[in-house]
Amino acid sequence: MTTPTTDDNTPAPTGERRTWLRDHSELGVCVLLLALGVLVLTDALTMDVDITQRGPVGPKTVPVVVGAGLLVIAALLAVDVLRGGRGQAETGEDVDLSEPADWRTVLLLTGVFLGFAVLIEPLGFPVAGALLFWGAAFALGSRRTDRDPLIAAVVSFVTYTVFNNLLGVPLPGGPLMGVL
């Protein structure tokens, strides 16, 4: 990366350098993609694989393709940014940045997730998941106490059934699994 210079080829003052960096802030994403690509490629290429245990496409193939793709995207994005390309401002969100953060909601959601982490072993996923879904709905503003617990229980039980029975990912069933 070259530093901005003045007309007589002397280094630009600090203020101009900051302005140049601010105008090209998308280069930070390029650096992140480059680092991630190097990390993925390094991990993939140093993977110890027995040649007799793999098929025509081994376990290195996808990470190498993903890592190489990250490097290519980082290079293309850097070229675009240095040529004057700019990212579009987000217009789809209706977030008022002048409003303060809603810390009550953040703390409620944090409590719900921590409660889920504590309760999943003794109560099992179906009960703890129902409490998680119901608590998250409450923290995000839903006050329908007649329907939210029922929906949370159904979503939790369906999620448990899909993961445990169909996908083969074992989840703790808890005391209700002897009854159901």
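Biologist: What is the handedness of the crossing where helix 2 passes helix 3?
Modeller: In this predicted model, the crossing of helix 2 with helix 3 is left-handed.

Biologist: Why are helix 2 and helix 3 called roughly antiparallel to each other?
Modeller: The axes of helix 2 (residues 27-45) and helix 3 (residues 61-82) cross at roughly 160° and come within 8 Å. Angles over 145 degrees count as roughly antiparallel, so that term applies to this pair.

Biologist: Which residues meet between helix 2 and helix 3?
Modeller: Among them are Leu33, Gly37 and Leu41 in helix 2, and Gly67, Leu71 and Ala74 in helix 3. By class, the contact of helix 2 with helix 3 has 22 nonpolar, two polar and no charged residues.

Biologist: Why are helix 5 and helix 6 called oblique to each other?
Modeller: Helix 5 (residues 125-139) packs against helix 6 at an angle of about 135°, the axes being 8 Å apart. Roughly antiparallel needs over 145 degrees and roughly perpendicular 65 to 115; the pair is therefore oblique. Helix 5 passes helix 6 in a right-handed crossing, and by class their contact has 10 nonpolar, three polar and one charged residues.

Biologist: What makes Ser156 count as buried?
Modeller: Ser156, found in helix 6 (residues 148-166), has 0% relative accessibility. Buried means under 20%, so Ser156 counts as buried.

Biologist: What does the side chain of Ser156 reach?
Modeller: The backbone oxygen of Pro126, at 2.7 Å. Leaving out residues up to four places away in sequence, Ser156 touches Phe125, Pro126, Gly129, Ala130 and Phe133.

Definitions and conventions: Residues are numbered from 1 along each chain as its sequence is written. This is a predicted model: local features need pLDDT of at least 70, side-chain atom pairs count only at pLDDT 80 or more; totals for chains, interfaces and linings use all residues. Side-chain values use heavy atoms; hydrogens and water are left out. Axes are lines fitted to C-alpha atoms, for helices over the stretch in contact, and angles run from 0 to 180 degrees between N-to-C directions. Helices (H or I, at least four residues) and strands (E, at least two) are DSSP runs, numbered from the N terminus. Angles under 35 degrees count as roughly parallel, over 145 as roughly antiparallel, 65 to 115 as roughly perpendicular and the rest as oblique. A crossing is left-handed if the near helix is turned anticlockwise from the far one by less than a right angle, and right-handed if clockwise. Contact means heavy atoms within 4.5 Å. Ala, Val, Leu, Ile, Met, Phe, Trp, Tyr, Cys and Pro count as nonpolar, Asp, Glu, Lys and Arg as charged, and the others, Gly among them, as polar. Buried means under 20% relative accessible area, exposed over 50%, partly exposed in between (1.4 Å probe, protein chains only). A polar contact is a pair of N or O atoms within 3.5 Å; within protein, one must be able to donate a hydrogen and the other to accept it, and residues adjacent in sequence count only if both atoms are side-chain atoms.
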